[in-house]
Amino acid sequence: PSDTISERKLLVDVVDELNKNICPAFSLFFRVHRWEENVIPSLGRPQSIINKSIKEFDLLIGFMWKRFGTPTGKANSGTEEEFNNAYKRWLLTSRPKVMFYFSEVPYVLNTQEEIEQLKLVLQFRSNLEKLGIIRKYSSLAKLEQLLRYDLFEVIRDYKAPSNPSLTPDAEFLKVRLPSGEGKNRKK
């Protein structure tokens, strides 16, 4: 959602660093897919256009703070719709890996709309906690530590010797950042 722009930028920075320094040793490369940069303008329901552009991906990494996003017609936000799609696929194939991070940075709610958005975030977080493990962070510096650690573990797990289907050629790990904002997205 729009209140996690700094987190999304931080992820790109961490991924760029890993791609330059760690990934070559594992013959892997992260490719971050974001609606703002990777979706071609088109007519139709915006989230449907985004969903069609996604194709397959290996990781869904989401960030939330106090804003849930804009309804898409099929879910309460683009993030929720993308998570639902990823979860359905995960139930069938155990992929993609889903990683969600929730900000615990203090804030003040000033409007009823902000309260409603926060309620949706807390409900979503509670539902995710029932399905698995989420991460919480209290600052961007803490999030940066978590992302480095978690993504390095993803690399190690992905390239574990027990995975015979991997070839020695470089492979791309496609990372999907949920859009979150539905049809009223702002760049």
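Predicted model: local features only at pLDDT ≥ 70, side-chain atom pairs only at ≥ 80, totals over all residues.

Colleague: How do helix 1 and helix 7 lie to each other, roughly parallel or oblique?
Modeller: Two packed helices are described by the angle between their axes and the distance between the axes. For helix 1 (residues 5–21) and helix 7, the axes are 10 Å apart and the packing angle is about 40°. Angles under 35 degrees count as roughly parallel and those from 65 to 115 as roughly perpendicular, and helix 1 and helix 7 are therefore oblique.

Colleague: What is the hand of the crossing of helix 4 and helix 5?
Modeller: The axes of helix 4 (residues 46–54) and helix 5 (residues 78–93) come within 11 Å and cross at roughly 40°, which makes helix 4 oblique to helix 5. Helix 4 contributes Gln47, Ile50, Asn51 and Ile54 to the contact, and helix 5 contributes Gly78, Glu81, Glu82 and Asn85; by class the residues of this contact are 2 nonpolar, 4 polar and 2 charged. The crossing in which helix 4 passes helix 5 is right-handed.

Colleague: How does helix 5 lie to helix 6, roughly parallel or oblique?
Modeller: Helix 5 and helix 6 (residues 112–131) have their axes 13 Å apart and pack at an angle of about 15°. An angle under 35 degrees counts as roughly parallel, and so helix 5 and helix 6 are roughly parallel.

Colleague: How many charged residues are in the contact of helix 5 with helix 6?
Modeller: The crossing of helix 5 and helix 6 is left-handed, and its contact is made by Glu80, Phe83 and Tyr87 of helix 5 together with Phe124, Leu128 and Leu131 of helix 6. The division by class gives 5 nonpolar residues and no polar ones, and the number of charged residues is 1.

Colleague: Which element gives the most to the lining of the largest pocket?
Modeller: The largest pocket has a volume of about 740 Å³ and is lined by 26 residues, with Pro96, Lys97, Val98, Met99 and Ile133 lying nearest its centre. By class its lining has 17 nonpolar, 2 polar and 7 charged residues. Helix 5, strand 3 (97–103), helix 6 and helix 7 (140–158) each supply at least two residues of that lining, and the element that gives the most, with 6 residues, is helix 7.

Colleague: From which strand does the largest share of the lining of the largest cavity come?
Modeller: The count comes to 1 cavity of 30 Å³ or more, and the volume of the largest cavity is about 50 Å³. Its lining is formed by Pro1, Thr4, Arg8, Ile61, Gly62, Phe63, Thr79, Leu177 and Pro178, a group that divides into 5 nonpolar, 3 polar and 1 charged. The largest share of this lining, 3 residues, comes from strand 2 (residues 59–64).

Colleague: What kind of peptide bond joins Arg95 and Pro96?
Modeller: Pro96 is found in the loop between helix 5 and strand 3, and it is also one of the residues nearest the centre of the largest pocket. Omega is about 10° for the bond that joins Arg95 and Pro96, and this peptide bond is cis.

Colleague: Near what value is phi of Ser27?
Modeller: Ser27 has its place in the loop between helix 2 (23–26) and strand 1 (28–33). Its phi is positive in a residue other than glycine, and the value is near 55°.

Methods: Residues numbered from 1 in each chain as written. Heavy atoms only, no water. Axes fitted to C-alpha atoms, helices over the stretch in contact; angles between N-to-C directions. Helix = DSSP H or I, 4+ residues; strand = E, 2+ residues; numbered from the N terminus. Parallel < 35°, antiparallel > 145°, perpendicular 65-115°, else oblique. Left-handed = near helix turned anticlockwise from the far one by under 90°. Contact = heavy atoms within 4.5 Å. Nonpolar A, V, L, I, M, F, W, Y, C, P; charged D, E, K, R; others polar. 1 Å grid on protein atoms, 1.4 Å probe; cavity = no way out; pocket = protein on both sides within 12 Å on 5 of 7 lines; lining within 4 Å. Points joined across faces, edges and corners; volume = space filled by probe spheres on them.
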